[in-house]
Amino acid sequence: MKRFHRMLAISAALSLGVVAGGASAQVTLNVISGGSQNMVDYVTDYLGPLFEKQNPGVKVSVVGTGPDDAGSQKMLEKLSAQKSAGLAVWDTDVVIPNQQKTGEMVRDGLLMKYRDGIPTGKYAVSQSAKMALGVNVDGYVMPMFESQTALAYNPDLIKTPPSSYDELRAFVAKNPKSFGYNGLKNGMSGVAFVVGWMYAYGGNPDTIQQGPYDAKATSGWDKAFSELKAFNQQVVFTPGNAGTLDMLNRGEIAMGPVWVDMFQTWKTEGRLAPNMKLKILSPGMPGQPYYYAIPAKAKNVELAKKFIALATSPEVQAEGIVKRFNWYPGIDANVVKPALDAKTWNQLFVDVTPEDLAKNAKPFPLAPFFKDMREQYEAKVQN
Amino acid sequence: MSTPRLRNNYPLVALLLPALLMVGLLFVYPLLFSLAYAFRNEAENRWDLANFSKAFALYGADVSLTIGVTVLSTVLVGVLAVAVAGYLTLGENPRAVAVLRWIYRWPMFIPFVVAAQLMRTFLAKSGMLNNSLMSLGLLEPLNAMSLLDWRGVVVTFVWKQLPFAALLISGAMAAMDRSLMESARGLGAGRLRILIEIVLPQVRATVGVSLILSFVTMLSALSVPMMIIAGSPTMITVDMAWRVNSYGDYGVANALGFVSFAMSGVAAWFYLRQGLREGGQPK
């Protein structure tokens, strides 16, 4: 028996030694990304290997938690559980959450203020780098990219597409079932369409987008929602963001709201007919960034900062974000443009011009307004 | 298992303990917690029915749809599974029986999410189903419509659960004493009559169990309604996910979970009653 114990002790020591040895030879940078599979691919296929090459001995490990609020909610719960457990060091080094949940994470004290400590911090010039749906996130985040919704249409079926919500309504009244969207619970492009509708008809769009929160600002919503309910009778409901593109492709609908990056990627990959086009409806449709952030008690803070600095450098934003994944850059576009060839740059802005973006690209509503808006849609439009 | 035997058998208890602890900590505790917190009003810090009134105000139609879809799917699964199992047991053409036996289990190995994705392209307005019907001249293009709503969910559920039920039922039928069937056939009974009057009564318990298990599985599926139903009403699993993900609202999600639990509770009650009536432990 004694001999058995000795053997046990030796084998335990050996296996511990192996673990410790492995850890000292290699540092793992743990990244959790929200968003669709393409965002995880971006880190696994492009950013991760690039960072590993520049930092020998470092391994980037990335886990995807899925799109929309759902994916980023999982991150929030993970960090919040570690905070409540009182852990001194958390197991995540970099998170890539969406706008809504980033605001909540900052509010709950789950993130670290790091932006002044990295060389690319000065390129974070957009409005969304400072405010996330009404929460001040200045210093806590670097935008990874900006994403935008727009109306995709089939020019074979529609010669002159509607350019505003008013024109869309007139068109759909004459041609029922030509327009399709994915409602509220089936992905953000449908939510974005509803938000745009409320900006157009619900009144007080500036307050809804900039705050401050005041329930009185929503007095016009009842009418807007009842009009939307009537409008919904003439449209086709699609199963999800991808569902809208699928139905557009099969000619079952002539137009529908989509994410610009998804649209471009599908087109590049040949999953969407090459003649499909985009248009942002006025007075505006929303878009959103994804952010790079560092958890408040991350283990490898310096490495995480280095990782984010690389990810938000003009070269990586040009090659990775714009060229390979068809997103709009998260950092100042003026420093990205010189790093890109003119052809790629123009391709990004072929249907949707920078002027369109400046005029009609809007943020999502302030978080409390956004919540009210979705709940009232459920109560007044769906029921 | 009687108590004194347990008392004298510490190793047995020790062996059981890890499993019991796992079930207790990871299943029973969260379940009770979620059931209790369905009655918690976080806003006003008290216990009441606010979550339920909100759940029914917003998702009442979805609750009815969920009941309708799962019950209809269960009935269809039952009828078709008995038909498939009956043919496997009573079929006279050995080649047809062999082909059916080979093919009917396939959907069982396909995950729900993959099945849903298949159906999305199969049942769409210009999907494979409508296209085939149109090229056969059975359907006018103008009349083509999308089945991507509750009907699509029923189709997917039935397609996915049928093999499971058929497997259990055909197993029970194969284990039966064949002499009854043979003598009925000798007396001139048709196959359908043998199936309904002789075979079915004997495998009733297995049919019940397979349908209850199918019912509960379908009730808990999230991916199928999420991917197939466009717009609303939808099934309550989707609403639960939506409450948690979009609003971080566990109260209403728990209330919907309570409703779902009550539905499967009814199924479980039938299951247990069936077992007790047969005078033994439930199988």
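Me: Which residues have the most contacts inside the largest nonpolar core?

Reply: In this predicted model, the largest nonpolar core has 124 residues, and those with the most contacts inside it are Y42(A), M144(A), F179(A), L228(A), Y292(A) and F307(A). Helix α6 (residues 188-201) of chain A gives the most to this core, namely 9 residues.

Me: What is M144(A) in contact with, leaving aside its neighbours within four places in sequence?

Reply: The contacts of M144(A) beyond those neighbours include M39(A), Y42(A), I96(A), Y290(A), Y291(A) and Y292(A). Q317(A), I321(A), W327(A) and G330(A) are also in contact with M144(A).

Me: How many residues are in the other core?

Reply: Another core, lying apart from the largest one, has 43 residues, among them L65(B), F157(B), L162(B) and L195(B).

Me: Now the interface. How many residues does each chain put into the contact?

Reply: Chain B contributes 29 residues and chain A contributes 23 residues. W242(B), N245(B) and Y247(B) supply 27% of the area that chain B buries against chain A, more than any other three residues. The area buried between the two chains is about 2,100 Å², with 47% of it from carbon and sulfur atoms.

Me: How many salt bridges and polar contacts are there between chain B and chain A?

Reply: There are 5 salt bridges between chain B and chain A, and 14 residue pairs are in polar contact, counting pairs with both residues at pLDDT 80 or more.

Me: Which helices of chain B supply at least two residues each to that side?

Reply: They are α3 (50-90), α5 (112-122), α11 (223-228) and α12 (236-247) of chain B. Of the elements on this side of chain B, α12(B) gives the most, with 8 residues. The residues on the side of chain B that touches chain A comprise 15 nonpolar, 8 polar and 6 charged.

Me: What about D239(B), which residue does it pair with?

Reply: D239(B) forms a salt bridge with K185(A), at 2.5 Å from N to O. The pair crosses between chains, from helix α12 of chain B to the loop between β7 (180-181) and α6 of chain A. Both D239(B) and K185(A) are buried.

Me: Which other residues are linked with those two in a network of salt bridges?

Reply: E375(A), E378(A), K54(B), D62(B), R243(B) and D249(B) are linked with K185(A) and D239(B) in that network. K54(B) forms a salt bridge with E375(A), the closest N and O atoms being 3.2 Å apart. R243(B) forms one with D249(B), where the closest N and O atoms are 2.9 Å apart.

Me: R243(B), buried or exposed?

Reply: R243(B) is buried, with a relative accessible area of 0%. D249(B) also counts as buried, because its relative accessibility is 16% and the cut-off is under 20%.

Me: Switching to R374(A): where does it lie?

Reply: R374(A) lies in helix α16 (residues 367-382) of chain A, and at 2% relative accessibility it counts as buried. Apart from neighbours within four places in sequence, R374(A) is in contact with D69(A), Q100(A) and L184(A), as well as W242(B), S246(B) and Y247(B). A polar contact of 3.2 Å joins the side chains of R374(A) and D69(A).

Me: Last one. Which parts of chain A does the R169(A) and E227(A) pair tie together?

Reply: The side chains of R169(A) and E227(A) meet in a salt bridge of 3.3 Å, N to O. R169(A) lies in helix α5 (residues 165-174) and E227(A) in helix α8 (residues 221-232), so the pair ties together parts that are 58 residues apart in sequence. R169(A) is partly exposed, with a relative accessible area of 25%.

Technical notes: Residues are numbered from 1 along each chain as its sequence is written. Chains are lettered from A and ligands numbered from 1 in the order in which they are written. This is a predicted model: local features need pLDDT of at least 70, side-chain atom pairs count only at pLDDT 80 or more; totals for chains, interfaces and linings use all residues. Side-chain values use heavy atoms; hydrogens and water are left out. Contact means heavy atoms within 4.5 Å. Buried area is the accessible area (1.4 Å probe) that two parts lose on being put together, summed over both. A salt bridge is a side-chain nitrogen of Lys or Arg within 4 Å of a carboxyl oxygen of Asp or Glu. A polar contact is a pair of N or O atoms within 3.5 Å; within protein, one must be able to donate a hydrogen and the other to accept it, and residues adjacent in sequence count only if both atoms are side-chain atoms. Helices (H or I, at least four residues) and strands (E, at least two) are DSSP runs, numbered from the N terminus. Ala, Val, Leu, Ile, Met, Phe, Trp, Tyr, Cys and Pro count as nonpolar, Asp, Glu, Lys and Arg as charged, and the others, Gly among them, as polar. Buried means under 20% relative accessible area, exposed over 50%, partly exposed in between (1.4 Å probe, protein chains only). A nonpolar core is a set of buried Ala, Val, Leu, Ile, Met, Phe, Trp, Tyr and Cys residues joined through side-chain atoms within 4.5 Å.
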